[in-house]
Amino acid sequence: MKRIALLSATCALALAACTNVLTYSKASMGMTAYGLDAQGQLVIFGTDNPTNSTRRVALSGMASGEILVDIDVFNRDGMLYALSDKGTLYSVNTTSGVLTRNVGPAAMGTPTVIDFNPAAERLRVFSAGDLNFRLTPATGGQTDGTVTADGTLVYADAGRDPNLVAAAYTNSFRMFKPTTEFTPATTLFSIDADTDMLLRHTNSAAPAPAGNFSTLNLVGPLGVDVSAGRTGFDIAGETSALLSVSNGTSTTFYTLDLATGRATTKSTLNAVSLKAFALALPTRP
């Protein structure tokens, strides 16, 4: 009887330990995120425990001579998209890694940064030379693939030359389309690598170069050093903002205060250098 009781107790403890491990592992993943690594592969992970939840997916289907520069999730369909340096927009199958051309190549200079505007359902594109564009994804409408030039990115206080390496809009929810009952305003933020600052965009008008989200306003210092090709930034839901910074061998994630710009360390993805990342969007409450 004592042996049976002891065995039962041991099994119970072992089962409890296993249950705790499984529960912890699941709970520790946090938000799902997609990264684009230095080798051009897709990396899928949880933001709370990225190193232990990483899955790599080789990408295929991209046109010869193209390089993917940035990725983002489209609120309209909840899918991941990637833009190449030639202006081709691809949808990404996150299971197989197959890229499917959506539009393009589109004439937008040399793209460097993208993010979907959840209210307008357009892709914001920053290109070399501080150029600012708006691309209409192919969704079955008559304006599919339309490119609109939105002027040149300029600081409100002048005297600075922008070097924007990442951008993100607020109020991004999965499978959400603005309606007459719910039409939240969205704000565009970006990261400047020269000043290590968070910026807020506003519209500019004549006599200055007119354009949507073209005027840059300082929010505050990040407190961390960022650089081109090693920085990611995204916002999920209303204002849940994350910044990623790679040192060339690993990537650190920070929560970002959109009111002050201050970055606070959250987690680290070891042995993976990301040049961009995007958050899987939550559904609207």
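What volume does the second largest cavity have? Its volume is about 30 Å³.

Colleagues, this is a predicted model, in which local features need pLDDT of at least 70, side-chain atom pairs count only at pLDDT 80 or more, and totals for chains, interfaces and linings use all residues. Residues are numbered from 1 along each chain as its sequence is written, and side-chain values use heavy atoms, with hydrogens and water left out.

A word on terms. On a 1 Å grid over the protein atoms alone, a cavity is a set of points where a 1.4 Å probe fits but cannot get out, whereas a pocket is an open set with protein on both sides within 12 Å along at least five of seven lines; lining residues have an atom within 4 Å of a point. Points are joined across faces, edges and corners, and a volume is the space filled by probe spheres set on them.

I return to the second largest cavity. Its lining includes Gly35, Leu36, Leu42 and Val92, and no charged residues are found there.

The largest cavity has a volume of about 50 Å³. Among the residues that line it are Asp72, Asp115, Asp234, Phe74 and Tyr169. This lining holds three charged residues, alongside six nonpolar and two polar. Here Asp, Glu, Lys and Arg count as charged, Ala, Val, Leu, Ile, Met, Phe, Trp, Tyr, Cys and Pro as nonpolar, and the others, Gly among them, as polar.

Finally, the largest pocket has a volume of about 390 Å³. Of its 31 lining residues, Thr112, Val113, Leu164, Val165 and Ala166 lie nearest its centre.
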